[in-house]
Amino acid sequence: MRKKNVPSTSSTAGQPAAAKTSESLPHTAALKILGEREATLLADERIADQREEKADRRQATADQRQENADLRQATADQRQENADLRQATADQRQENADLRQESADLRQVAADLRQEAADQTEQAARAKAELSAITEADLREANERLVVATVRAQTMTEAAERVTEQMSYMAQHDFLTGLPNRVLLNDRLAQAIALAERHGKRVALMYLDLDHFKHINDSLGHAIGDQLLQSAAQRLQDCLPRHSDTVSRQGGDEFVVLLAEVYAAQDAVATAEKLIKTMAEPHQIAGHRLHVTLSIGISLYPDDGKDAETVIRNADTAMYRAKKSGRNNYRMFTPDMNTHAVARRSVEDALHQALDEGGFVLHYQPKVNLESGAITGAEALVRLQQANQPVISPSEFINVAEKCGLIMPLGKWVLGEACRQAVAWLQAGLNFGQIAVNVSAAEFHGEGFLAGVRAILDETGLDPSRLEIEMTESGLMQDTVPTTEILRALKALGVQIAIDDFGTGYSSLSYLRRFPVDTLKIDQSFIHDIDGESTEGSLVSAIIAMGKSLKLRIIAEGIETPQQLAFLQSHQCTEGQGYYFNRPLPADDFAALLKPA
């Protein structure tokens, strides 16, 4: 607080009071004004002081509030710290509890280990006691068993070695004849070529095939055929001039003779002639007197080939030429033979292409009633059709198809196409009788043939009685039990069965009675030269009479002249086919024959 100014009441020194009174009136007013101002200032000052005091109080209040807030925050922080301390304490207690449990577990494990050790010690003690209880007799028995086991192990080892040797022998030798097989031959041929090259000599390779061996297998069975192969193998070995030469069986009825280090082709020729002469002598097999001949192809190293593969291939080519030349002979390889091999390969390629691109076509040859001339059936005959070239007859490609494995898909196509065409004719109101399809032995005995026939009949909708399957005698005679089952199954479907080329094979009454056959087709070779005096005429009339006695349908193939027709009519042959009536025709041309005139 400021100190107030109080006006002084004492008179001025040396002045009289009256003067003082008279002079102080204006001064009093001034003082009064001055006092009011002073009072106002004091009042303002008090107000300012009050305001300042209030501000100070408000600041103090705010400071107090802030202090209180800080105290509350400190209190909250303290509480959180206390809570954290309590949690840490609880965690520590849990950790201590876990440690105590772990310690207890370890103590239990230690106890278990001690128990296990004690058990093992006890077991060891018992085992030791039991071992000590084994008598000397038991030890002798154990020793005896050990000796027996050792002997057996030695025996098994020796047996395993013998088996290994036997397997090694079997891997290089033919199981039937014991001759070296293709693997061992290739090895010996390579060695012979190396020696011949070193010594300036030649190597001769002869590829051999037994002629018509298949007929023996088909007629007498595979057991007799196997014995004949063994007999042939022995004769071939006996004919070899030197121990360094090799006879090998390549498979089936094919053999190879290797003559190492020959001087000239004449050495191989002399051996080939000896082989042919020796093989032609009769073989006495199981009471049968069997005759078999050889076809031989010969090639020389280095004249006909610079490596083993070429020499073998060229000998094989020469062997096929010997077969085509009448069999029971030999042929030396010549370069022009490869031209024929290339042509065969060309035919094979054409067959593959035709199957892939639809290059086959069927022609149909009519079967006719020999009295009325009416068409009684049609035989489907396959042709190979290439762009801008004449159609090729089956005689030029069927053998190739059989050898290269295409006869199965080709036969399936022919059967399906013939059935489809037959249905098309029937839908057009054209009655053709029956459609005949030739089936090879490979097809007939192949897997799934019967199922394939059923599938094609179901797919095309052809009445099975409209289909006739033609088989050759040799094809039917393979595996007669399965053959009978397949034929009976076909008959159960309603399919007709015909024997094609009858008279060229077995012509046996026994299989004609055993097989469910409907038709005999007399081979055209008997028809070509028939007249009243010829042997062929007598055979034809005998076949007709036999067929009629068995109540079979008889069809003569290859009728070409009025004389042949007259002969057949005079012997009551009811049906036939041949160029005298019509050649095989395309489907549209054959349909024209069926339409009424």
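Predicted model: local features only at pLDDT ≥ 70, side-chain atom pairs only at ≥ 80, totals over all residues.
Pro335 is found in the loop between strand β7 (330–332) and helix α8 (336–357). Pro335 counts as exposed because its relative accessibility is 66%, and exposed means over 50%. Although Pro335 and Asp304 are 31 residues apart along the chain, their C-alpha atoms are separated by 8.0 Å.

Another proline, Pro302, sits in the loop between β6 (294–301) and α7 (308–324). The peptide bond that leads from Tyr301 to Pro302 is cis, and its omega is near 5 degrees.

Two further loop residues have backbone angles worth a look. His212 is not a glycine, yet its phi is positive, at about 55 degrees. His212 belongs to the loop between β1 and α4 (213–220). With a relative accessible area of 45%, His212 is partly exposed. Ala286 also has a positive phi without being a glycine, here about 50 degrees. The loop that holds Ala286 runs between β4 (283–285) and β5 (288–290). Ala286 counts as exposed, at 53% relative accessibility.

Strand β1 (residues 202–210) contains Asp209. Asp209 counts as buried because its relative accessibility is 6%, and buried means under 20%. What does the side chain of Asp209 make a polar contact with? The partner is the side chain of Lys323, at 2.5 Å.

The next topic is charge pairing. Side chains of opposite charge can pair when their charged atoms come close. The structure holds 19 salt bridges. One of them joins Glu459 to Arg420, with 3.7 Å between the closest N and O atoms. Glu459 is part of helix α12 (residues 449–460) and Arg420 is part of helix α10 (residues 407–427), so this pair ties together parts that are 39 residues apart in sequence. Glu459 counts as exposed, at 60% relative accessibility, while Arg420 is partly exposed, with a relative accessible area of 36%.

A second salt bridge brings together the side chains of Arg553 and Glu468, at 3.5 Å from N to O. Here the two residues lie in strands: Arg553 in β14 (residues 553–556) and Glu468 in β11 (residues 467–472), so the pair ties together parts that are 85 residues apart in sequence. Is Glu468 buried or exposed? Glu468 is buried, because its relative accessible area is 1%. Arg553 is partly exposed, with a relative accessible area of 21%.

Lys521 and Glu557 also meet through their side chains in a salt bridge, at 3.5 Å from N to O. Lys521 lies in strand β13 (residues 519–522), and Glu557 lies in the loop between β14 and α18 (562–570); the pair links distant parts of the chain, 36 residues apart. Both Lys521 and Glu557 are buried.

Which residues are linked in a network of salt bridges? The network is made up of Lys367, Glu379, Glu468, Glu470, Lys521, Arg553, Glu557 and Glu575.

Ile469 is buried, because its relative accessible area is 0%. The C-alpha atoms of Ile469 and Val439 are separated by 6.6 Å, and the two residues are 30 residues apart along the chain.

The last stop is on the surface. Where do Asp91, Glu95, Asp98, Glu102 and Asp105 gather? These residues gather in a patch of negative charge on the surface. One of them, Asp91, is placed in helix α1 (residues 17–132). Asp91 counts as partly exposed because its relative accessibility is 43%, a value in between the limits of 20% for buried and 50% for exposed.

Methods: Residues numbered from 1 in each chain as written. Heavy atoms only, no water. Patch = residues over 30% accessible without salt bridge, like charges linked within 9 Å, V, L, I, M, F, W, Y side chains within 5 Å. Areas by Shrake-Rupley, 256 points an atom, 1.4 Å probe, with all protein chains shown as cover. Salt bridge = Lys/Arg side-chain N within 4 Å of Asp/Glu carboxyl O. Lys, Arg positive; Asp, Glu negative; His and termini not counted. Charge placed at Lys NZ, Arg CZ, Asp CG, Glu CD. Helix = DSSP H or I, 4+ residues; strand = E, 2+ residues; numbered from the N terminus. Buried < 20%, exposed > 50% of the residue type's maximum accessible area, 1.4 Å probe, protein only. Polar contact = N/O pair within 3.5 Å; in protein donor to acceptor, adjacent residues only side chain to side chain.
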